[in-house]
Structures are given as C-alpha cells and as structure tokens.
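Please open the model in your viewer and keep the selection tool at hand. The stops below say what to select next and what is there.

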Amino acid sequence: MATKITPRSEDYSRWYTDIVQQADLADYAPVKGCMVIKPYGYALWENVKSGLDRRFKATGHVNAYFPLFIPLSFIQKEAQHVEGFSPELAIVTVGGGKELEEPLAVRPTSETVIGHMYAKWIQSYRDLPLLINQWANVVRWEMRTRLFLRTTEFLWQEGHTAHATAQEAQEETMRMLDVYTEFAVEDAAIPVIPGRKSESEKFAGAVNSYTIEAMMGDCKALQAGTSHFLGQNFAQAFDIKFLDENNDLQYTWTTSWGVSTRMVGAIVMVHGDDQGLVLPPKLAPTQVVVVPIWKNEDQRVRVLETVARVEAALHEDVRVHVDDRDEYSPGWKFNEWEMRGVPLRVEVGPRDVEQGQAVLARRDVPGRKGKGKGKVSVPLDGLAERVQHMLSTIQTDLYRRALDFRQAHTYDPQDYAEFEEAVSEGFAYSWWCGDADCEAHIKEDTKATVRCIPLEQQSDKGKCIHCGGEATERAIFGRAY
Ligand SMILES: [Zn+2]
C-alpha cells in the first residue's frame, strides 16, 4: 500500500483525493463522473444511514421505494422543477431494442413520481400526514468528478411528506432540519449552521429551502443537508388533493428533505489530517483496533492470549478489530490504521502482558512515541469502561475542535473590503439586504454565495455589507463546494 498523502497545506484538493483513495473509501469507475464506493467507504455510509434512519423512524416516518425511471412528462409538469434539472438529466430513449414512445428520465430526485403516487393514495384528511422516506441512488449529469462531493450518480435519502395545513408542513420542514442538525453534531461531530437559503440558492419549486452548512478544513462551505417547504407547488402540479373535515376539496402541503453521500466527503474534510482519515467514533466502521507486538514465538503466544482477553472484553459494546497479521510489522499496522482513521488503537506487547496492562493511543491526538497526551498505559481490569469513556471523549473533542476551527475562521467584517478578505479566508457573518442583484454582485466579485441566513438572529437592524441598504437579517457568506 502506498501511503504518501499530499500534505493539506500543499494542495487541499489532492490531499482529499489521496485520502479517499488510500484509506480505501472509493475509487473512480470506468464511466466518467461515476465512483465505486469500496467496502470501507460503504461501511461508513451504512453508519451514516443507520444514524439518520433511526431518527426518521423515531419522528414517525416509514421507508418505501419508488422506481428509477420517470416519464419525462412528469418532470415537465413542474416548470420551475425542469428548469432546475434539465442540463443534468440523463434520459433513456431506447428499451428492449425499440425506441420508447415516451423518453424516461433517470431520476434526479423522485419528487415527481412520488407526487403522482400521492395524488392516487391521498383522498381524505384521514390519509394525512403521509410521511415517507426513500433510500436510493439518483443521477445528475456532472462534467467534473470529485469523489463523494460531485459525482453523476450518488446515494441519498429523500423524504417526501404531505400535510393538511401549511403550518404542519412548515413544522415538518423544520423538524427534519433539526434531525439533520442533531445527526451532524452528535454522530458526525460536525458543527453546522442551520438556516434558510436565499431565493437564488433555494431548490427550484420550493417556497423555502433550509440547509445545514458546515465549514470544511480548507474553510470552504459544504451544504450537508437540505429541507424544503414546497407549499402547494407540487400538490398543484400533481393534483394532490384531499377532502377536509368539512368535505371541501383542498390541495395538500408538501415537504421534501435529503442527505447524500456528500456527508462522507464532509466527514473526511472536517476531521482528516496529514496522516489520513480521522473518524468520529460513532460512525467509524472500526472503533478500536488491537495491535499485538511480539519479537519471538514465546512472546507471540503470551501476547495473543492477552489480546484474546482484550477482544472478549470489548466486542460486545465496541466495534473492535484485532490485527494479528504476521506479515506486517507493528509500525506498519499503526500507519495503516491511522490512515483509515480508526479512533483508538490498543497495543499489547510482552511488557504489557507482564504488567497486566495495555497501551491506548488516540488517533486524534498526536504522540505516537508515547510522549504526547495521546498515549496512555491502562490496567486490563476495567479496560472496557476505559475504552468506552475514551471513545466518547474523542467524539466530543472532535466536535469541539471543528467548532473552534469554524469560529476562528468566521469573521465580522466592518466594510466591503474586509468582507472580500473574509470570504477568501472563511465565512463572513454579515448584514444583508436580501436583494438578488446585490447577492449576484457579491458572487461576481468574490465567488462567495449566501450559504444561509441562520435561523438564529438577533432582533436588531443593520446596513447591507455590500450595498449599504436596510438589512434586517445577517447571513453567512462563503465559497462553497
Ligand atoms: Zn445589499
């Protein structure tokens, strides 16, 4: 295995690609724009999935599956929708050796087909709310590929709900934004800013789009999840109506929300370092790796005996892996598991066996030679508790570190010159008038966009950082992935 990672400071983008490939997360597919998610990357995605899925179910949602092919006419039904997707659509025109009567789109999202089905399924207020989520792949044609961040086909979940009132649908939109925030913070250890998208950045066809925005290790923004209040736009396009309690026919109010495999890219970029991946314990496919150390056969037998006890003590509560391969040295193994971001390493050598102890080394704290705070000897008695405690400390510390980093790179510029500098180095948190032209000028000048208008606002007023106009809200500006 080649273990040469480009340093982050030298070329962040190459650093990212090196890690994704060398830590065995993904590889390029023969079709341009597509990626192969390798078993280790998929295991990480599965943990992302289960953390989200558990929360969706706890908030009353159920899973279903809708087809990959969508009649092109469905997508054309909603004008704004087609505008949002048309250059990205992949379209099938031949099937079974014959030209199709109607071309089929490979779903860019299932919004339209779900709208069509909801119109059939929803008759009365008793059928509402309808709360369905789908785990699926979608296709949006891309010219440039960045593994996990920008690929033609990617995996995601899309939630689609229908409600009797605007208020219920709005509440659902915010509830799912909260679910995403909680997942990002608690499981992925990624601090996010929940907020509203500007008019020009929102999902085509939505009344309002909400997002969780995160700062990556190069200070650029990444939209890590979105939740849309669709009003009655889709209900009108797809004729989703219900009889209310007074027997009046009404359009439903709908929402949709999604998180994709981009989240894996975010985890890499927020926590990784020059040694490789650093994974938050809650999502790490392997939380603890045990590396036995021996020099001769006699030591090997005694060390492996202790290692077996360590594994037995841990395996019920912790995802533990014992690396007892003969053909690699301990140092080589340390490097490999560091590259793969395993949060905690347990070392057991002959001296540890004699003293009834093991060495714990944290991935997130340097100190490999035992000099730093990252490496401690602990007694085998009570090891399981000690390990669990350390994993939860690592989880908290990773979050704390990412939050400190974001705060250190979020600025409050006093004028437009300072603003331009701020967005080249991180986020600017500035008064903004809300005007689309003003936003377009800022983007032209600085390549920065309104990432979101944070939900949390102070109740005062200011002057727009660009045009000086009256502003009632502050926005987060930054360059984005
Ligand atoms: Zn302005």
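A search of the whole structure finds zero disulfides, where a disulfide is taken as a pair of cysteine sulfur atoms within 2.5 Å. In general terms, a disulfide is a covalent bond between the sulfur atoms of two cysteines. Before selecting anything else, note that this is a predicted model, in which local features need pLDDT of at least 70 and side-chain atom pairs count only at pLDDT 80 or more, while totals for chains, interfaces and linings use all residues. Residues are numbered from 1 along each chain as its sequence is written, and side-chain values use heavy atoms, with hydrogens and water left out.

**The zinc site**

Select the zinc ion together with Cys 433, Cys 438, Cys 464 and Cys 467, whose SG atoms coordinate the zinc ion at 2.3 Å; donors are N, O and S atoms within 2.8 Å of the metal (3.2 Å for Na, K and Ca), and since water is not among the atoms, sites may look incomplete. The angles among the four donor atoms run from 102 to 118°, and the site is tetrahedral, a word used for four donors if all angles lie between 85 and 135 degrees. For comparison, the ideal angle for four tetrahedral donors at a metal is 109.5 degrees. Along the sequence, the donor residues of the zinc ion follow the spacing C-x4-C-x25-C-x2-C.

Now colour by accessibility, with buried meaning under 20% relative accessible area, exposed over 50% and partly exposed in between (1.4 Å probe, protein chains only). Cys 433 counts as partly exposed because its relative accessibility is 26%, whereas Cys 438, at 4%, counts as buried. Another cysteine to select is Cys 34, which counts as buried at 16% relative accessibility.

**An open sheet**

An open sheet with mixed pairing is formed by 11 strands in the order β3-β7-β8-β14-β11-β10-β9-β22-β25-β21-β20, and two strands are said to pair if DSSP finds at least two bridges between them. At its edges stand β3 (62-63) and β20 (410-411), each with a single partner strand, so one side of each is left without a neighbour in the sheet. Within the sheet, select β8 (residues 153-163) and β14 (residues 253-260), which pair in the antiparallel sense over eight bridges; here Gln 157 stands opposite Val 259 in β14.

**Strand β15**

Move on to β15 (residues 288-292), where five of its five residues are buried. Val 288, Val 290 and Pro 292 lie on one side and Val 289 and Val 291 on the other, and both faces are covered. Three bridges join β15 to the parallel strand β16 (residues 320-322), with Val 288 opposite Val 320.

Select Ser 110 in the loop between β6 (98-106) and α5 (111-121). Is Ser 110 buried or exposed? Ser 110 counts as buried because its relative accessibility is 0%. Not counting residues up to four places away in sequence, Ser 110 touches Ile 70, Gln 134, Glu 158 and His 160, contact meaning heavy atoms within 4.5 Å. The side chains of Ser 110 and Gln 134 are joined by a polar contact of 2.9 Å, that is, a pair of N or O atoms within 3.5 Å, of which, within protein, one must be able to donate a hydrogen and the other to accept it, while residues adjacent in sequence count only if both atoms are side-chain atoms.

**Backbone stops**

Most residues other than glycine have a negative phi, and most peptide bonds are trans. At the peptide bond from Leu 128 to Pro 129, however, the form is cis, with omega near -5°. Finish at Ala 189, which has a positive phi of about 55° although it is not a glycine and sits in the loop between α6 (166-187) and β9 (193-196).

Conventions:
Helix = DSSP H or I, 4+ residues; strand = E, 2+ residues; numbered from the N terminus. Tetrahedral: all angles 85-135°; square planar, octahedral: opposite > 155°, others 65-115°.
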